[in-house]
Amino acid sequence: FSHNTWSLDPSVELLQNNPCLTEFITAMLALPEPSPSILSFTLRLTGILAASENCFQHLQEEQLLVRLFGRGGPLSSALWKDASVRSGWVNGVHSMMRHQPALHLLCLGGGIDVIFTLQGDPSLFVSSAASQLLVDMLILSVETEMTKAVSTKDCDWPACAQMIIKHIEDSLQSNSASHVEQSLKLLTNLFSSCRAPWTEVLWLSIAKQIESFLMEETVQVQHMLADLLLRMAWSPVFCDSEGSFWTLVTSALEHLTPVQAGPLAVGLLKLYKCPQDVRIQALTVLLQPMDCILRAASQPLEYSGLLDESVSDPITVEGLLSSKSSCAGLLCQTLAHLEELLNFREDLPCASLLRSIMTILQLCNGFLSPASPLGSRISRILINCFRVQRSALDVLAELSDLRGCDTLIGSLFDVLLAYLESPNTNPTVLKKTFQATCKWLVRLQELSYSNSQWQHTEKILKDVFLVLQKRLCSPCWEVRDSSLEFLTDMIKCLSDQDEFRQSLLSSEVLRLTENLLEDPESYVRASAVTAVGHLAFIAYFAPESPATGNQYNKENTAAKLQEILSTDPEGFPRRAVISIFIEWLSQGCTGQLEDTGQFVSRVIQTVQHDLDWEVRLGGLELIQDFCHQTFCQLGLPQRPDDPVSPAVTSPLLESESLRIFCRAKLFSFLFRSLCDCDKTLGQRACRILLDLSNHFYPLGTPRDLDEAVDLPVRHSIACLQRTLRQGSLAQNFPTDGVDFEDPESMMLALGTIDLIELYDELNKSSDHVEKSPQSLLQDILATVGTIEENEADCY
């Protein structure tokens, strides 16, 4: 190639302008015993450079590629035993595999046999990389070297593709399970990454062999077939076909064990183009364990079960469920698949499915004594099985969104209340029970409106609150914590329902929850803060709240939360308080306590000195919401580009808003936050100040500030700007001479300080310092004396 040709290729130009690169490769090859890590780095680097065809030719002329990737290179040296060298070799080859010359280098030089061997490498990283490399080589060979269109009858594969396909076929026919697994893994990768028509031609040549694996037990690779078939089903080449592929899929659903067939079944049911008969069979596979549970636990002829017929022999499922080693695993997998499926499909037999879930939960807590021997055996295995209980409760919660289960809702709450009341319920299981109960209470309220089941709903709510009162007094802090979370969730979902509010306020829950504000466990105190904050919407702030003691309780609750914000030694409760105050402000509740500006001011004075950055960030969010709320109440636009009438945007209203902000003492916290050691706070504070600056100085408005402003004030603002430019490195934040409560001074600060420049600095990633060439060079030099300890960092 001429110099002009090379200059068109950036990679060749890189080699030209940096001869040290080829010199480095040459020097490394000259070393009698190079370090494995340096050799691995060289192989990777060379592969990256050789990805360009022109650069590949240049390196080939220098004999560098043959010496690195050929038979006479690392392949034949003792260094090949090092996994990092083999990894570097595979990754280097993979990087350069972008053009035919690289393909020919490997095939003609024997490198492809090395890759075949590396498929079984003891290093998982190497074997996986080798498998994917073969896939990419096969695709490259077919797509760049195929001379005529593919045909199912006669396909003239290119040379490299022939070698890989023959290797696949030979491996599948071998008696070695590892070789069969390697080829199945390769095929799985191929069919998931390539959807070209020629993949069907390849499949037809191996389909019979794959089918035989379903029938024979000599080579145990059935666990890999489900993934292979599922990847193929998602390819348009196969899902649109009417050939033998879907026949093989149905055969797999029939012959694979329930554990192996489960992932295939759920994947097929999420596939839009899956044939209806295959879809029915896949659903049957998933429901079969649930059907078995229902039949085994039912009294004779009480329930008909879920299925009319089974896909595979029911004896197989019964055997798995009656075995202690497999029962819980099969049920947990089935329940997880059903939970996943409920988000995609609504044509499931909901009532029967719900009944089977309830049956599992009753078996797990010993509330059901099956009459059949199989049911008794399953019951003994499942008793107090937390894994199955958690999985079943997850599915139970999802079923609340579907219709068709309403007739069982009474029995369902009997099961849920039994779990809530039982002292043997595991804390984690109890948390799941609370979550499911909340979702079904929402469904119960919907039914109450349509069916006028007021008395039924009232009784269930009364029972729930009685249980909740006991759980709030539990000696186990996890139970107290999840009980408070349950209360908060119920308030969020049901606070607009009269019967819920009445049941809540007539119980002892309110008093017990306030008591937990002083709980010794910080997680519980934080959950109590959140619960009390949401209870306030019902007990104190709502128009229909009880009148008796209202004013005292309202102010008392706010004072308690303010005290927690000021004095609690742990961060979680303080974070919860600031979150509740933000919620109160957004809902317009703070004006019922006192002047909103005074409320915000007192909160800000507390949080600006908090050691927890999340609490300080919450304070900034409170300021942002307060500013927006103030503009709205004064009839001013929240953003300077909002359309408003000229009469609205009067200077008097603008000045009034600025005076409100100064009285609330917001600016001291905002400007101090620009120098906070936590960059997130600086970014949020700068964003707020920018919004305020743009509001008071809309686009196009001249910032010619009043010359009458005192020179000392101007000087103090200039000192403030210099400090802000130092950011978190500033030693002392200036307070002398800067009156953060003076509207005129703050107007001057918003007009003169370059907030855009500060914002750009705060948004700069640290990468521009840490990943600079100078920083990299320093890291390399620093590791010279301790190469063994820092090889990875140096690389």
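The side chains of Arg 295 and Asp 291 are joined by a salt bridge, with N and O 3.0 Å apart; a salt bridge here is a side-chain nitrogen of Lys or Arg within 4 Å of a carboxyl oxygen of Asp or Glu. Both residues belong to helix α18 (residues 276-297), where they stand four residues apart, about one turn of the helix; helices (H or I, at least four residues) and strands (E, at least two) are DSSP runs, numbered from the N terminus. An α-helix has 3.6 residues a turn, so residues three or four places apart point the same way. Asp 291 is buried, with a relative accessible area of 7%, whereas Arg 295 is partly exposed at 41%; buried means under 20% relative accessible area, exposed over 50%, and partly exposed in between, with a 1.4 Å probe and protein chains only.

This is a predicted model, in which local features need pLDDT of at least 70 and side-chain atom pairs count only at pLDDT 80 or more, while totals for chains, interfaces and linings use all residues. Residues are numbered from 1 along each chain as its sequence is written, and side-chain values use heavy atoms, with hydrogens and water left out.

Arg 231 is partly exposed, with a relative accessible area of 34%, and Asp 227 is partly exposed, with a relative accessible area of 34%. Glu 485 and Lys 431 form another salt bridge, their closest N and O atoms being 2.4 Å apart. Because Glu 485 lies in helix α27 (residues 477-494) and Lys 431 in helix α25 (residues 427-451), this pair ties together parts that are 54 residues apart in sequence. Glu 485 counts as partly exposed at 29% relative accessibility, and Lys 431 is partly exposed at 32%. Elsewhere, salt bridges that share partners link Arg 403, Asp 406, Arg 443 and Glu 446 into one network, and the count of salt bridges comes to 24.

We can now turn to the chain as a whole. It contains 43 helices and zero strands, and 51% of its 795 residues count as buried. Where contacts join residues at least 6 apart in sequence, 69% of them link residues at least 24 apart, contact meaning heavy atoms within 4.5 Å. The chain exposes about 37300 Å², of which carbon and sulfur atoms supply 52%; accessible areas come from the Shrake-Rupley method with a 1.4 Å probe, and for residues only the protein chains shown count as cover.

What lies inside? The largest nonpolar core has 255 residues, and those with the most contacts inside it are Trp 89, Leu 268, Met 490, Phe 667 and Phe 671; a nonpolar core is a set of buried Ala, Val, Leu, Ile, Met, Phe, Trp, Tyr and Cys residues joined through side-chain atoms within 4.5 Å. The largest share of this core, twelve residues, comes from helix α30 (residues 522-541). Leaving out residues up to four places away in sequence, Met 490 touches Cys 438, Leu 441, Val 464, Phe 465, Leu 468, Ser 495 and Phe 500.

Helix α36 is largely enclosed by the rest of the structure, because seven of its eight residues are buried. These buried residues are Leu 666, Phe 667, Ser 668, Phe 669, Leu 670, Phe 671 and Ser 673, and they pack against α33 (596-607), α34 (613-633), α35, α37 (679-696), α38 (711-726) and α39 (743-752). Lys 665 lies in the loop between α35 (651-663) and α36 (666-673), and its phi is near 60°, a positive value in a residue other than glycine. Most residues other than glycine have a negative phi. Lys 665 is partly exposed, with a relative accessible area of 32%.

Ser 171 counts as buried at 6% relative accessibility, and, leaving aside neighbours within four places in sequence, Ser 171 is in contact with His 179, Val 180 and Ser 183.
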